[in-house]
Amino acid sequence: MKILCLLLLISDTSENSSAFYVVNVERNGKIIYTWKGNQRNTHIGLYDLQTKQNEHLYMFERDLRIISCSVNNERTLLAVSFRQYTEEERVSQLLQSVSKYLTLLIEIHPINNVRVLKAVDSCVRVQFLYPVEGRNTSTESHLLLVSEDKYIEQFDIHVVAEEEHKVVIQNSGQLPRARVADDLIWAQWDMMEQRLFYIVPKESKNTLKCVQFYPDENFNSILESHLDISVNDTQLKLVNFGYDSCQDQDVASRSLNLQVFTSKAGGLCVCCSLASDIPDEITYSIYFLHKGYNKTFTVSLERTESHQLKEVAFMNLDYYVAAYLPGQFLHLLNIQHPDLLCYSLFLTGEDARIDMLQNCSIRSPLMSTVLDCHVGSMYAVSISDSALLQFLWNSKRDSERLAALHCALLRFQHTEDLEMQIIWWISENLSTCHSFDPIQEFIIASLYCKMCPETHSLDKLLPYTSLLDWIGIIPGVTCATDIISLPVLEFQNPKGFWEKLTSNLESVKYAEPHLHYHNNVLRREWRNLSEEREERTTTAYLRNIFENARKVLAHLDTWDSEERLVPLFQEEDYQQQLLMGLLNLVHRIMKEVWRRYQLHSCIFCFDERGSTGELAVFHIMSRILEAANGMCMPLPPGFHTLHLGLGVRCLPLHTLLHYIDNGVLHLTETCVRKLLKDLDDSEKNEKLKFSIVMRLPEALGQKVCQFWNHPINANFIARKYVKLLLEKLGKRQRSRPMPERLSVPVEFLPLNYLTNMLAEIEKQGVQPYEKQGHVNVRFVEETALKHTMTLLGLKYS
């Protein structure tokens, strides 16, 4: 399946493909196109993408090659530039005194007067400015005229309404005009935002400038950026000022291929490619002006032919810039975090093939839109979610998997079905991803996607990956990164795109990279909180954290109220209560894994061995724990209990104990208590229970050991009690007269001495097991006698 899918917006429906051609796209999304009639007349039409309606604008009663065409917002004026004759025709017909190109301004409401704007031998492009949406009909229109002689000027046109709704140009003389730019060597029109980008040579470097046109009829130069791009062209290259395929192909073979793209998040990119002299190699650069560096990619080509035109086509997909070379590759580059190459998806072969775009005459006039200038067809372009997920399942390289994973999580809406498919892929490929942890990446990318739209500028501080130093190697592709100067903005109080771009530039200046979040900060905070709790301090900061944690825990019971698939126990775990922001994501992973392996909701028991599905879930939970520890991330209450329970069911004893000793499995009160109560005291279970009891922390051991009524456990408790009493006595023990002997029924001098000494210590107020009143000297004495009698094979009464 193809990653990029196209939706045809407008195309030729006639048998002769040359009879239909798209010549311009206006700000309102309406498309101007031309076609040849039966008498070889040249027609101009307007197609509305919203209503799917066509409108006939004008007809020339001769066969003309339209170069550029634009209609004003009110559809009362039409500007047209065309070539009257070729050079050969002028010579053969003795028309040397007739200009080669003609630019007209035509009244079309109704069709009336025609005014000549330019009659010259150099090519001219035209473009009407459009006001903001919703503005009332204006009596003034503004037209940009771009000359091949490397200048741009603006015409101001006043119109008046006469009888029967006729609209005519008011001024019969010359139209007022103003110079916009001079000496330019490249220009691009952004019709959606009414911006003009152009490049002028300046000293040793070329300079990119931008002019913003405003609804109040003013325009200002607001951006300047130096580009280290060598341009030796003598011919002006224009982008989005009409689409003349013949001229574009002539210029492309010897000219700079360059386009500027902007994103909704304030990204500003310059994409450029020059035809390479090396037969099997192509180079293109992406200047991420909002980040202050550029990346140059060199790709070794396959199956190249000497006559093949090697020009990369660039497409604007908002979050991505696409570099596309038909028959070779498709490269999707993340605009928001271009420094992390793990998000650049490089495709070759069938994955990179776009069936309807098999030539290099491709332009991206609007965001997520491409125009095939060769055949005059226009398409909406998008990333196919189904193809991307299939690519994720089929990929073998970590670089492809990581890029596809993040693309799927960040580009598509977070539906349960999408998350389910990704989680299933993760569960199947945990052991095959060698250079990254897919669980960590899923959690971070999901959290990033949910938080950033709600919190302004958060994405500048939270890179959505745990692989900040990861360098992916793409076979056949090399990448070089160069630091470039940041663009200079020349206005105050920016709005819209310019405000977001300003924020990005300020972030580069003052925040990156030293203010970027790193989990070392969280680790330090976690450690400080743990130390505060151990010292029993109750600072306002700590109380606030625990209060927030209680609020989160209060909502845990609402998870899966209809179907509680995963038996996570609601237990108290103070460390887990410190940070609860990611619990829902982990719970979502657990739920889908539980479904995938068809486990029951009441599986938490120890009377039988676990299934292969439970073993698989156990290993997935181990990887979740590893990922959480790597990010210093909390886990849902009950996670460790369930993990330990599956370990008891699925692992042999020596492996289970190895997991416990190495911190993979955590001994929780809920699980240990259930294990001690539910399992009988067979020889095998005794060994398991005693091995668990021996590993319990002191505080937990005091709470749960009472649930195992067994001589081994009683002996263990007694030994521990004696040890604690003696340790608490410490240096206070001195030689003293022997206390009076307690009234004990057994004449066993060593035991009598021990019990007398322990009783003396108890009298001093030392009591290790304050909450367990039955554990005292008498308990120790009885346990010791029982144990001795058992060893001697005697019956204790």
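Tutor: Start with pairing. Two strands pair if DSSP finds at least two bridges between them. Keep in mind that this is a predicted model.

Student: Which strands make up the mixed sheet, and in what order?
Tutor: The order is β19-β15-β16-β17-β18-β32. These 6 strands form an open sheet with mixed pairing.

Student: What makes β19 and β32 edge strands?
Tutor: Each pairs on one side only. β19 covers 237-239, and β32 covers 488-489.

Student: How do you know that β16 and β17 pair?
Tutor: Count the bridges. The cut-off is at least two. Strand β16 (residues 195-202) and strand β17 (residues 205-213) have 8 bridges, in the antiparallel sense. So they count as paired. As an example, Lys-202 has Lys-205 of β17 as its bridge partner.

Student: What is the strand order in the sheet of 5 strands?
Tutor: That open sheet runs β20-β21-β22-β23-β31, with antiparallel pairing. From one strand to the next, the twist averages 15 degrees.

Student: How many bridges join β22 to β23?
Tutor: There are 8, between residues 281-288 and residues 293-300, and the strands run antiparallel. Within β23, Lys-295 stands opposite Ile-286.

Student: Which residue in the hairpin of β4 and β5 takes a positive phi?
Tutor: Lys-52, with phi near 60 degrees. The hairpin has 4 residues between its strands. β4 (residues 42-48) and β5 (residues 53-60) pair in the antiparallel sense over 7 bridges. Gly-45 stands opposite His-56 in β5.

Student: Now helices. Why are α5 and α6 called roughly antiparallel?
Tutor: Take the angle. Helix α5 (residues 416-429) and helix α6 (residues 438-451) pack at about 160 degrees, with their axes 10 Å apart. Angles over 145 count as roughly antiparallel. Therefore α5 and α6 are roughly antiparallel to each other.

Student: Which residues make that contact?
Tutor: From α5 come Glu-419, Ile-422, Ile-423, Trp-425 and Ile-426. From α6 come Pro-438, Ile-439, Phe-442 and Lys-450. By class, the contact of α5 with α6 has 7 nonpolar, no polar and 2 charged residues.

Student: Is the crossing left-handed or right-handed?
Tutor: α5 passes α6 in a right-handed crossing.

Student: What makes α14 and α16 roughly parallel?
Tutor: Again the angle. Helix α14 (residues 653-661) and helix α16 (residues 683-694) pack at about 10 degrees, with axes 11 Å apart. The cut-off for roughly parallel is under 35 degrees. That makes α14 roughly parallel to α16. Leu-653, Leu-656, Leu-657 and Ile-660 of α14 meet Lys-687, Leu-688, Ser-691 and Ile-692 of α16. The classes in this contact of α14 with α16 are 6 nonpolar, 1 polar and 1 charged.

Student: How many aromatic pairs does a search of the whole structure find?
Tutor: The search finds 13. One of them joins Phe-329 and Phe-346.

Student: Why is the pair of Phe-329 and Phe-346 called stacked?
Tutor: Check two values. The centres are 5.3 Å apart, and the planes are at 25 degrees. Rings pair if their centres lie within 6.5 Å, and planes under 30 degrees apart count as stacked. So the pair of Phe-329 and Phe-346 is stacked.

Student: What does this pair tie together?
Tutor: Phe-329 lies in strand β26 (residues 329-334) and Phe-346 in strand β27 (residues 345-348), so the pair ties together parts 17 residues apart in sequence.

Technical notes. Residues numbered from 1 in each chain as written. Predicted model: local features only at pLDDT ≥ 70, side-chain atom pairs only at ≥ 80, totals over all residues. Heavy atoms only, no water. Axes fitted to C-alpha atoms, helices over the stretch in contact; angles between N-to-C directions. Helix = DSSP H or I, 4+ residues; strand = E, 2+ residues; numbered from the N terminus. Parallel < 35°, antiparallel > 145°, perpendicular 65-115°, else oblique. Left-handed = near helix turned anticlockwise from the far one by under 90°. Contact = heavy atoms within 4.5 Å. Nonpolar A, V, L, I, M, F, W, Y, C, P; charged D, E, K, R; others polar. Phe/Tyr/Trp six-rings, centres within 6.5 Å; stacked < 30°, edge-to-face > 60°.
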